[in-house]
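Here's a quick briefing for anyone meeting this structure for the first time. Take a look at the model, then read on.

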Amino acid sequence: MLAKCANPTCSTPLVYLREGKIFMVESPQPKFEVLSDVAKPKPLNRVEHFWLCGPCSNEMTVTYDRQRGVEIIRKPVGKAPMARRAAAS
Ligand SMILES: [Zn+2]
């Protein structure tokens, strides 16, 4: 299931789990919830796993959008006020 980096433009194969980062994305599926109410009391959310290799996990993150589904996006930058200080040293 996790054969390679989740970044479509990266082809790094998944060899060591300690490298990079594993993302767990819950994608709710209303249809299944309704059906499962009969047999199971808990909602059935599908959890998908994604892996980004080291370099990719530094720049990218995995997110779930209800309309667009799972997306690999660039991490938002400029959020950390410490970044300028760290870069200067
Ligand atoms: Zn990668």
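Val-62 has Ile-72, in S4, as its bridge partner. This is a predicted model, where local features need pLDDT of at least 70, side-chain atom pairs count only at pLDDT 80 or more, and totals for chains, interfaces and linings use all residues. Numbering starts from 1 along each chain as its sequence is written, and side-chain values use heavy atoms, with hydrogens and water left out.

**The hairpin**
- S3 (residues 60-65) and S4 (residues 69-74) pair in the antiparallel sense over 6 bridges (pairing takes at least two DSSP bridges between the strands; strands are DSSP E runs of at least two residues, helices H or I runs of at least four, numbered from the N terminus).
- Together S3 and S4 make a hairpin, with 3 residues between them.

**The zinc site**
- Four SG atoms, from Cys-5, Cys-10, Cys-53 and Cys-56, coordinate the zinc ion at 2.2 to 2.4 Å (donors are N, O and S atoms within 2.8 Å of the metal, or 3.2 Å for Na, K and Ca).
- Cys-5, in the segment before S1, and Cys-53, in the loop between S2 and helix H2 (54-59), sit 48 residues apart.
- Cys-5 and Cys-53 are both buried (under 20% relative accessible area; exposed is over 50%, partly exposed in between, with a 1.4 Å probe and protein chains only).

**The core**
- The largest nonpolar core has 13 residues, and Val-62, Cys-5 and Phe-50 are among those with the most contacts inside it (a core joins buried Ala, Val, Leu, Ile, Met, Phe, Trp, Tyr and Cys residues through side-chain atoms within 4.5 Å).
- S2 gives this core its largest share, 3 residues.
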